[in-house]
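The following exercises are to be worked from the sequence and the coordinates.

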Amino acid sequence: MIKLYSFGPYFGLPDASPFVLKAMTLLKFAGLRYVEDHSGFGRAPKGKLPYIDDDGTIVADSTFIRFYLEKKYGIDFDAGLALEQRAAGWAIEKMLEEHYYWLLVQARWIDEGNFARGPAKFFAGAPAPIRPLVKALIRKKVARSLRAQGLGRHSKDELAELGRRDIEALSVLLGDKPYLFGEAPSAADATAFAMVAQTLVGELVSPLRDAVAGRRNLIAYRDRLLAAYFPSFASA
Ligand SMILES: N[C@@H](CCC(=O)N[C@@H](CS)C(=O)NCC(=O)O)C(=O)O
């Protein structure tokens with residue numbers, strides 16, 4: 001049985017992390033059963049979640065988990081897609097993971113209100129006397145990563161504009177289809193669903209959330225995938 005190292009449910013979603021939610025969604029698309037382990041962060045081979053342990057084979061990073069599942073279980077997440085659609089799927093996925101994700105990190109971790117309503121709660125398990133210190137240190141680390149990545153250097157208005165562009169692109173590309181490339185899910189849907197769902201959480205007050213909430217097709221997409229793959233998290 002595959003063991004998925006995850007953070008655990010937060011914000012009414014199966015996991016606090018878009019990348020863990022992406023990996024869960026890929027496993028669901030593949031029809032593979034898995035168990036979760038919330039205690040693996042300290043042993044994460046790349047210092048990040050998710051990673052999996054499949055009967056002793058450890059695979060870290062959601063994209064390498066995808067490649068591993070494809071190879072080991074003979075799955076093609078993009079089955080039925082033309083070459084051009086596969087390429088577009090990869091481009092959408094990486095826009096969301098390498099660009100949009102960082103806008104989400106900025107909104108969640110740097111904005112005071114969002115931090116208090118969101119990530120600050122991740123530290124509830126830390127011993128009370130050192131909790132404020134741990135919180136401040138990790139937040140500083142996140143701010144440093146954002147600056148190194150580059151998006152941490154932009155103004156709020158500039159960040160909002162970049163986010164609106166990403167959301168507009170995703171919404172236009174999805175259109176009225178159930179999934180990005182038609183009637184069936186493909187790899188990029190796992191990422192798109194995860195990013196959209198994480199943006200729509202009620203704890204986030206941000207131009208990103210406004211941009212997604214203003215796109216009816218993205219809300220319906222989130223609802224559709226939650227109902228299909230994570231019914232216990234879908235609203236009635
Ligand atoms: N490229 C990685 C990104 C994973 C990632 O950024 N995970 C974040 C949570 S969303 C994490 O574990 N961060 C902890 C840290 O950076 O210390 C993937 O696709 O799995």
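The model is predicted: local features need pLDDT of at least 70, side-chain atom pairs count only at pLDDT 80 or more, and totals for chains, interfaces and linings use all residues. Residues are numbered from 1 along each chain as its sequence is written, and side-chain values use heavy atoms, with hydrogens and water left out.

**Exercise 1. Helix 5**

Task: Determine whether Leu 137 is buried or exposed, and identify the nonpolar surface patch to which Leu 137 belongs.

Solution. Leu 137 lies in helix 5, which comprises residues 131–149. Because its relative accessibility is 52%, Leu 137 counts as exposed. Together with Ile 130, Leu 133 and Ile 138, Leu 137 makes a nonpolar surface patch of about 360 Å². Patches are made of residues with over 30% relative accessible area and no salt bridge; like charges are joined within 9 Å, and nonpolar side chains (Val, Leu, Ile, Met, Phe, Trp, Tyr) within 5 Å. A salt bridge is a side-chain nitrogen of Lys or Arg within 4 Å of a carboxyl oxygen of Asp or Glu. Accessible areas come from the Shrake-Rupley method with a 1.4 Å probe.

**Exercise 2. Backbone angles**

Task: Locate Asp 55 and Asp 61, and give the phi of each.

Solution. Most residues other than glycine have a negative phi. Asp 55, in the loop between strand 3 and strand 4 (57–60), has a positive phi of about 50°. Its relative accessible area is 67%, so Asp 55 is exposed. Asp 61 is in the loop between strand 4 and helix 2 (62–73), and its phi is near 95°. With a relative accessible area of 32%, Asp 61 is partly exposed.

**Exercise 3. A cis peptide bond**

Task: Name the residue that a cis peptide bond joins to Leu 49.

Solution. The bond joins Leu 49 and Pro 50, with omega about 15°. Pro 50 is found in the loop between strand 2 (34–37) and strand 3 (51–54).

Definitions and conventions
Helices (H or I, at least four residues) and strands (E, at least two) are DSSP runs, numbered from the N terminus. Buried means under 20% relative accessible area, exposed over 50%, partly exposed in between (1.4 Å probe, protein chains only).
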